[in-house]
Amino acid sequence: MNRTTLTLIGVTTALAAVTGVAALTAPAPQSPDQAPVAERLPVQRSTLVCPEPSSSDLAETRYTAFSPPNKTEGEGEAALLPVPEKDTGLTDDPEKGGKDDKGDGKDDKDPQDGEGEQPDPVLPLKKPGTPVTDTDGSADAPALAGSADGPFAPGWTVQQTTVVSAGTGRGLHGTACSAPDTDFWFPGASTAEDRQDFVHLTNPDDTAAVVDLELHSKDGALPGENGRGLTVPPRSTLPVLLSTLTDEPVTNVTVHAVVRAGRVSAQVHASDEKLGGDWLPPAGVPRPTAVLPGIPADATSVRLAVHAPGDSDADLKVGVATPNGTITPAGLETLHVKAGMTAAVDLDDLTQGAAASLVLTPTESGDETPIVAAARITRGKKGEQETAFLTGTQPVEQRATAADNQEKGSTLSLLALDGQAKVRVTASAGSEGGSPQSSTYTLKPGTTTAVEAPRPKGAEGTYALTVERLSGGTVYAARTLAEEDGGVPAFTVQTLPDDRGRVAVPEAGQDLSVLQR
């Protein structure tokens with residue numbers, strides 16, 4: 001999913017600024033060769049949602065918000081507000097988040113309805129280019145939702161990183177806060193007895209959302225009605241334990257969240273009794289190919305999960321992009337995934353001590369069978385292991401940003417998929433001081449390059465890393481955060497899809513259908 005979302009207001013404003021009424025009239029026909037190039041303008045508003053981080057008494061969560069510098073003029077703001085966990089309407093007690101006497105699913109004194117004590121904004125940005133941070137060490141830290149507009153909207157990014165010091169899921173849990181949407185796929189989830197996977201459904205809007213949760217295993221769709229018609233009240237979050245949706249434990253499942261009314265943000269939080277845990281982000285829109293950048297060089301095992309959501313089987317080539325080129329893992333030249341089913345395969349010693357990316361492509365040229373894919377990555381030795389998740393992501397078309405980088409422990413993974421590419425990586429000013437620093441890298445085609453992230457000059461506090469594709473082929477990126485925790489190699493990986501900070505807008509009088517060709 002994209003980290004920011006362009007609202008209809010933003011589109012309308014941009015169109016009005018450039019095209020006026022002329023864009024809505026029927027212009028003379030144009031051939032594609034004569035069609036003018038659409039101008040790309042900054043988005044006007046972005047919305048993000050951060051899931052409820054953890055219910056553990058041994059958890060501490062840090063948040064970092066950042067907007068890259070840009071040329072957008074005017075005033076604006078960017079901030080988040082708490083989103084409480086509420087009952088789904090099964091109780092009539094308003095104090096427990098149930099329906100009030102009006103029967104509208106809202107509390108009588110919801111602060112965000114303008115009644116009661118107003119919550120303070122979280123992570124309000126002061127200016128683009130400088131991150132802000134906050135921490136919460138409570139077990140009832142809430143979900144957050146908010147928006148950015150004006151100069152803060154293009155590329156607005158919020159990172160949520162939680163350290164759980166002991167117990168189930170101990171380790172580092174990180175995720176980029178995401179935009180609300182209506183359709184989500186989560187390959188790599190589990191309802192096994194040693195896992196506790198919750199899907200967090202967060203509704204940032206003023207109207208209720210209705211969500212269906214569907215689970216798919218190696219044998220197809222799992223029976224059950226418990227995930228149907230889940231109501232997420234306005235401005236609330238609903239965590240759903242996946243094991244309550246199945247009659248028997250299933251190790252590898254794909255979760256499909258379909259929003260029938262409204263919109264939500266959805267992420268899966270996975271905790272393992274022995275292997276720690278992390279956030280499993282959505283895998284995006286099903287496509288014929290899947291690219292998963294960011295497998296650390298010291299990964300001891302990788303479990304790949306692939307789901308084919310359509311009516312046709314998928315036959316895939318599995319490629320591993322290393323620093324020296326793309327290879328095929330031994331014994332896995334192809335992978336067959338039956339329609340409507342989830343296939344999983346363990347890839348031990350995949351990296352051979354070098355950073356890598358997984359690239360899944362159809363075995364037959366022109367095959368358009370869609371898939372979604374995810375990988376569970378394990379670091380460390382038995383007894384001192386930690387896991388993180390990667391899902392198929394989109395390339396960096398222009399720019400992407402990862403926030404919450406510390407003095408040590410940040411590594412960027414850069415994949416040039418189909419041709420040599422040139423990228424620039426900029427470390428922002430620190431949250432407490434310092435000045436930006438940039439480095440430029442030339443990436444060889446079909447290779448993964450791991451680079452120690454540059455640091456701001458005189459850095460103080462946390463900082464953001466922005467990747468810009470300057471020229472050449474298709475580029476994918478991911479950022480790994482690593483921290484040692486009592487001998488356990490705690491880590492989390494976030495992919496960096498394009499931030500969609502600028503939108504293509506047609507010139508005045510241009511046939512809008514030209515942009516859809």
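User: How many cavities of 30 Å³ or more are there?

Analyst: Keep in mind that this is a predicted model. Rolling a probe the size of a water molecule over the atoms shows where empty space is left. Here, the count of cavities of 30 Å³ or more comes to 3.

User: What volume does the largest cavity have?

Analyst: Its lining includes Gly188, Arg195, Thr251 and Phe389. The space in the largest cavity comes to a volume of about 80 Å³.

User: Which strand gives the most to the lining of the largest cavity?

Analyst: Strand 9 (183-189), strand 19 (299-307) and strand 25 (372-381) each supply at least two lining residues. Among the residues of the lining are Ala374, Ala375 and Arg376. With 3 residues, the top contributor is strand 25.

User: Is the aromatic pair of Phe184 and Phe186 stacked or edge-to-face?

Analyst: Searching the whole structure turns up 1 aromatic pair. The ring centres of Phe184 and Phe186 are 6.5 Å apart, and their planes meet at 15°. Planes under 30 degrees apart count as one class and those over 60 as another, so with 15° between the planes the pair is stacked.

User: And is Phe186 buried or exposed?

Analyst: The cut-off for buried is under 20% relative accessible area. Phe184 has 1%, so that one is buried. Phe186 has 0% relative accessibility, so this residue is also buried.

User: What about Asp181: buried, exposed or partly exposed?

Analyst: Asp181 lies in the loop between strand 8 (171-176) and strand 9. Its C-alpha atom is 8.7 Å from that of Gly262, although the two residues are 81 apart along the chain. Buried needs under 20% and exposed needs over 50%, so at 29% Asp181 is partly exposed.

User: Which residue is the bridge partner of Ala482 in strand 36?

Analyst: Strand 35 (residues 475-485) and strand 36 run antiparallel and are joined by 8 bridges. Across in strand 36, Ala482 has as its bridge partner Phe491.

How values were computed:
Residues numbered from 1 in each chain as written. Predicted model: local features only at pLDDT ≥ 70, side-chain atom pairs only at ≥ 80, totals over all residues. Heavy atoms only, no water. Phe/Tyr/Trp six-rings, centres within 6.5 Å; stacked < 30°, edge-to-face > 60°. Buried < 20%, exposed > 50% of the residue type's maximum accessible area, 1.4 Å probe, protein only. Pairing = 2+ DSSP bridges. Helix = DSSP H or I, 4+ residues; strand = E, 2+ residues; numbered from the N terminus. 1 Å grid on protein atoms, 1.4 Å probe; cavity = no way out; pocket = protein on both sides within 12 Å on 5 of 7 lines; lining within 4 Å. Points joined across faces, edges and corners; volume = space filled by probe spheres on them.
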